[in-house]
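Take a moment with the sequence and the model shown here. We will go through some of its residues together, pair by pair, and see where they sit.

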Amino acid sequence: LEQKNTLIDNLQTASLKKELEFKENFEKFNANESKISLKNEKIDNLEKEIGTLKASNILLENEMEECKKKEAQFELMKKLEQKNTLIDNLQTASLKKELEFKENFEKFNANESKISLKNEKIDNLEKEIGTLKASNILLENEMEECKKKE
């Protein structure tokens, strides 16, 4: 009878140990599932950010092309205006020529100012594109590291 009681105690102890081991393994499993879920969420967020940056780069590139087109049109109009001014100056009296020359000089200075502003905007856009490209590279590297860790 004592042997049977000992056997029962041993079986109960073993059962409790197994139950405890099962609970610990179940907790580890749940912790790993949580980690996997967090990693998947981070990957999703990184992919969304990459998509946003790519879209932003496309918009900036389109804006820069439009700026360059406007600048080329502006240069063409400036040249046409200068030729018309020259023709007008050649056809008028010297006093009128002097007055028109002063007006055209002021227009030229204003145009130079506009060109300078356009060039500054182009420089800023190119810098922003460079920054976004660098950011994309960093994100891609971070993404590869993340994938390697998984």
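E112 is partly exposed, because its relative accessibility is 33%, and partly exposed covers the range between buried (under 20% relative accessible area) and exposed (over 50%), using a 1.4 Å probe and protein chains only. Its salt-bridge partner is K78, and the closest N and O atoms of E112 and K78 are 3.5 Å apart. A salt bridge here is a side-chain nitrogen of Lys or Arg within 4 Å of a carboxyl oxygen of Asp or Glu. Helices are DSSP runs of H or I with at least four residues, numbered from the N terminus. Is K78 buried or exposed? K78 counts as buried, because its relative accessibility is 11%. Salt bridges with shared partners also bring in E75, so that E75, K78 and E112 form one network.

A word on how to read all this: the model is predicted, so local features need a pLDDT of at least 70 and side-chain atom pairs count only at pLDDT 80 or more, while totals for chains, interfaces and linings use all residues. Residues are numbered from 1 along each chain as its sequence is written, and side-chain values use heavy atoms, with hydrogens and water left out.

How many salt bridges does a search of the whole structure find? The search finds six. Two others to look for lie along helix α1. One of them joins E19 to K23, with the closest N and O atoms 3.7 Å apart. E19 and K23 are four residues apart in helix α1 (residues 2-91), so about one helical turn separates them. E19 is partly exposed because its relative accessibility is 43%, and K23 is partly exposed too, with a relative accessible area of 46%.

Further along, K69 forms a salt bridge with E66, and here the closest N and O atoms are 3.8 Å apart. Both K69 and E66 are in helix α1, three residues apart, which is about one turn of the helix. K69 has a relative accessible area of 49% and is therefore partly exposed. E66, at 41%, is partly exposed as well.

Now turn to the phenylalanines of helix α1. F22, F26 and F29 make a nonpolar surface patch of about 360 Å². Patches are built from residues with over 30% relative accessible area and no salt bridge, where like charges are joined within 9 Å and nonpolar side chains (Val, Leu, Ile, Met, Phe, Trp, Tyr) within 5 Å. The accessible areas come from the Shrake-Rupley method with a 1.4 Å probe, and for residues only the protein chains shown count as cover. F26 lies in helix α1 and is partly exposed because its relative accessibility is 44%. F22 counts as exposed, because its relative accessibility is 56%.

How many aromatic pairs does a search of the whole structure find? There is one. In this pair the ring centres of F22 and F26 are 6.1 Å apart and the planes meet at 20°, so the rings are stacked. Rings of Phe, Tyr and Trp (its six-membered ring) pair if their centres lie within 6.5 Å, and planes under 30 degrees apart count as stacked, over 60 as edge-to-face and the rest as tilted. F22 and F26 are four residues apart in helix α1, so about one helical turn separates them.

Next comes N136, which is found in helix α2. N136 is buried because its relative accessible area is 8%. Which residues does N136 touch, not counting those up to four places away in sequence? They are L53, K54 and N57, where contact means heavy atoms within 4.5 Å. N136 and N57 are 79 residues apart in sequence, and their C-alpha atoms are 9.9 Å apart in space.

For another pair, find S37 in helix α1. S37 is partly exposed because its relative accessible area is 42%. S37 and N141 are 104 residues apart along the chain, with 21 Å between their C-alpha atoms.

Last, look at the cysteines. C67 is buried because its relative accessibility is 8%, and C146 is buried because its value is 9%. A disulfide is a covalent bond between the sulfur atoms of two cysteines. The structure holds zero disulfides, counted as pairs of cysteine sulfur atoms within 2.5 Å.
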